[in-house]
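The sequence and the model are shown first.

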Amino acid sequence: MLNFPVPYPEELIYSTVARAGIREGIISPKELLDDVYGNRNVIATLDLPNQLSRISRWLPSDYSVEVITYCHTLFPLYAPFIPEERRKRCLAWMAEESRGAVHLAMGVAASLVKVPSRVRYCPGCLKEQQRTYGEYFWKREWQIAGVDCCEKHGELVHTAITRPLVDQHRYHGASPDTCPLFPQKPARNESEMVLTQVRQLLEQRPAASPSCEQWSSHYHRLAQKSGFIRGRTHIDHAAIAESVSDHWPARFLRRYGLGIDRNSDYCWLRGIFRKHRKSFSYLQHIIAHHSLLPEGWSITDVIDSVRELPLPVRRDSSGSNGEAHIGAKHGLTPDQHDWIKMLADRTPKKARAAAPALYARLYRYDRFWLKQVNQAQPRTQVLKRKPRVDWRQRDRHYLTKLREILRFLRAARRGPRHSQTYLLKQLGKLSTLEKKLDRLPRTRRLLARYTESVPEYQVRRLRNAWWELKQEFHYPPRWRLIRLAGLSETRLTDQARDYLHGLEENQEDTNDQGNQGQQPG
């Protein structure tokens, strides 16, 4: 594509593609996708787009996929808070085709913090863009949850463009039609605090992400430094919640789904100070740190300090003798000594049941040592054999039961079709019988003999309708037979149609014989 525009500072790449369509005078969304990507099925994504390798070929050489991702998408907001392996995987997905995997892997889709419902803009910034660049474009910080204002001009204004985009293949450009220059309300303090930290995140350059273990250790130390530790290790979640409530208005927290429930164990604020088994949003990290750190703190300094925390050493216990290894290790704690004594006459499972508190302390503070010691214990394998099944006896049992069912069903002329599945349901345990029917030969033969096919079922319904109509009509009409049987001419099988013709021929023969008997001799 010729004359593809170069992105402006802090411009979303979504906005750059939209400006390319405007400059080329392309009206059709599919035509723009074909020119830019060579693919008409690309979804126009505002925050975390994919197929960036296709866009980078239209830009100067210094605009690599990584540069576009970190400078012109919202990827830097989420990258430091997901594991490094997942960060690299998401970068690869954004370069090519992700099919929505990026939003799932980065936690955007399931996050408590939802994206703004509409595309937003700052009228004051648009005026400056018009004076500086001669056109409008979408800035990154306008589309971030938690950022509701511009510190220079006031609150952001919502457009009529909804998120997620209704027309998923159309790129909407910033223009005077979509962005009227309305007067703005004054900015809110809490939004300005979030904006300060968000800008630092957006200015980050590619770097390895801290692990979940490092984030867990960091938040434990943060609570310890802030004086929110009870006893030796227990975190005072109630005091932390009170500190957050003092620094952040409740309406702001509720607006983004981050309201604090002090009586619930599943509150996000409790979860972020526990072991990190999942990633948390940038807004949750900002709210927690702003409540516990002194003024002038920086989210980038926090991330750098978390990267420097030591990673847990994973020891390999394969090929080690438990007694020799334990004896060679010096400086065991009293809990470790107690656990070794318990393992002298118990298995690890029985020792855990006998001393659950001791096991919990070791699991929390020296888990790798505990696993190493437990795996070194000799194991006694008890093979539990399933009782063998007497299939002959079971075959006789089902055969007798099936005969009783068939005797009852054949006595009743009406009822559903006697298919194999229906008969097996009457025996019970349908799935088991279907899988093991080859081990039940006599039952299988009886089923094959009395299973009713669709043509036989239609004949039975016609026969029942015939006997019922014979009570009212000497010669039942064909259409009444079919209607009472619940059939139609189009659904009749060949066998049922032949049976119906036979009934009609018998009626005609009977009628002819009656007419001959009435003729004079």
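Rings of Phe, Tyr and Trp, the last represented by its six-membered ring, are taken as a pair if their centres lie within 6.5 Å. In this predicted model, Phe81, Trp215, Tyr219 and Phe273 form one aromatic cluster. The count of aromatic pairs comes to 13.

Two of these pairs are set out below.

| Pair | Centre to centre | Angle between planes | Class |
|---|---|---|---|
| Tyr14 and Tyr171 | 4.9 Å | 35 degrees | tilted |
| Tyr78 and Tyr282 | 5.8 Å | 80 degrees | edge-to-face |

Tyr14 belongs to helix α1 (residues 13-24) and Tyr171 to the loop between β4 and α9, so their pairing ties together parts of the chain that are 157 residues apart in sequence. Both Tyr14 and Tyr171 are buried.

**Nonpolar cores**

The largest nonpolar core contains 96 residues, and those with the most contacts inside it are Trp138, Phe273 and Tyr282. Helix α14 (residues 282-292) supplies the largest share of this core, six residues. Another core, of 15 residues, lies apart from it; Tyr398, Leu402, Leu433 and Leu446 are among its members.

**Helix α6**

Helix α6 (residues 84-95) has 12 residues and spans 17 Å from its first C-alpha to its last, close to the 16 Å expected. Which residues of α6 are buried? They are Glu84, Arg87, Cys90, Leu91, Met94 and Ala95. Viewed down the axis of α6, the buried residues fall within an arc of 140 degrees, so they line one face of the helix. An α-helix has 3.6 residues a turn, so residues three or four places apart point the same way. The buried residues of α6 pack against α3 (52-56), α4 (65-72), α5 (75-78) and α7 (101-105).

The cut-off for a buried residue is a relative accessible area under 20%. His169 has 16% and is therefore buried. His169 is placed in the loop between β4 (157-162) and α9 (189-202). A polar atom of the His169 side chain lies 2.9 Å from the backbone oxygen of Val42. Beyond its neighbours within four places in sequence, His169 is in contact with Pro29, Lys30, Leu33, Arg40, Asn41, Val42, Ile43 and Ala44.

Arg163 is found in the loop between β4 and α9, and its relative accessibility of 12% makes it buried. Its side chain reaches the backbone oxygen of Gln143 at 3.2 Å. With neighbours within four places in sequence left aside, the contacts of Arg163 include Leu46, Asp47, Val115, Arg118 and Gln143.

Glu155 lies in strand β3 (residues 154-155) and, at 17% relative accessibility, counts as buried. The side chains of Glu155 and Arg188 are joined by a polar contact of 3.0 Å. Apart from neighbours within four places in sequence, Glu155 touches Asp148, Cys149, Gln184, Lys185, Pro186, Ala187 and Arg188. Glu155 and Pro183, which are 28 residues apart in sequence, are separated by 9.4 Å from C-alpha to C-alpha.

Note on methods:
Residues are numbered from 1 along each chain as its sequence is written. This is a predicted model: local features need pLDDT of at least 70, side-chain atom pairs count only at pLDDT 80 or more; totals for chains, interfaces and linings use all residues. Side-chain values use heavy atoms; hydrogens and water are left out. Helices (H or I, at least four residues) and strands (E, at least two) are DSSP runs, numbered from the N terminus. Buried means under 20% relative accessible area, exposed over 50%, partly exposed in between (1.4 Å probe, protein chains only). A polar contact is a pair of N or O atoms within 3.5 Å; within protein, one must be able to donate a hydrogen and the other to accept it, and residues adjacent in sequence count only if both atoms are side-chain atoms. Contact means heavy atoms within 4.5 Å. The expected span of a helix is 1.5 Å times one less than its number of residues. The arc is that of the directions from the helix axis to the C-beta atoms. A nonpolar core is a set of buried Ala, Val, Leu, Ile, Met, Phe, Trp, Tyr and Cys residues joined through side-chain atoms within 4.5 Å. Rings of Phe, Tyr and Trp (its six-membered ring) pair if their centres lie within 6.5 Å; planes under 30 degrees apart count as stacked, over 60 as edge-to-face and the rest as tilted.
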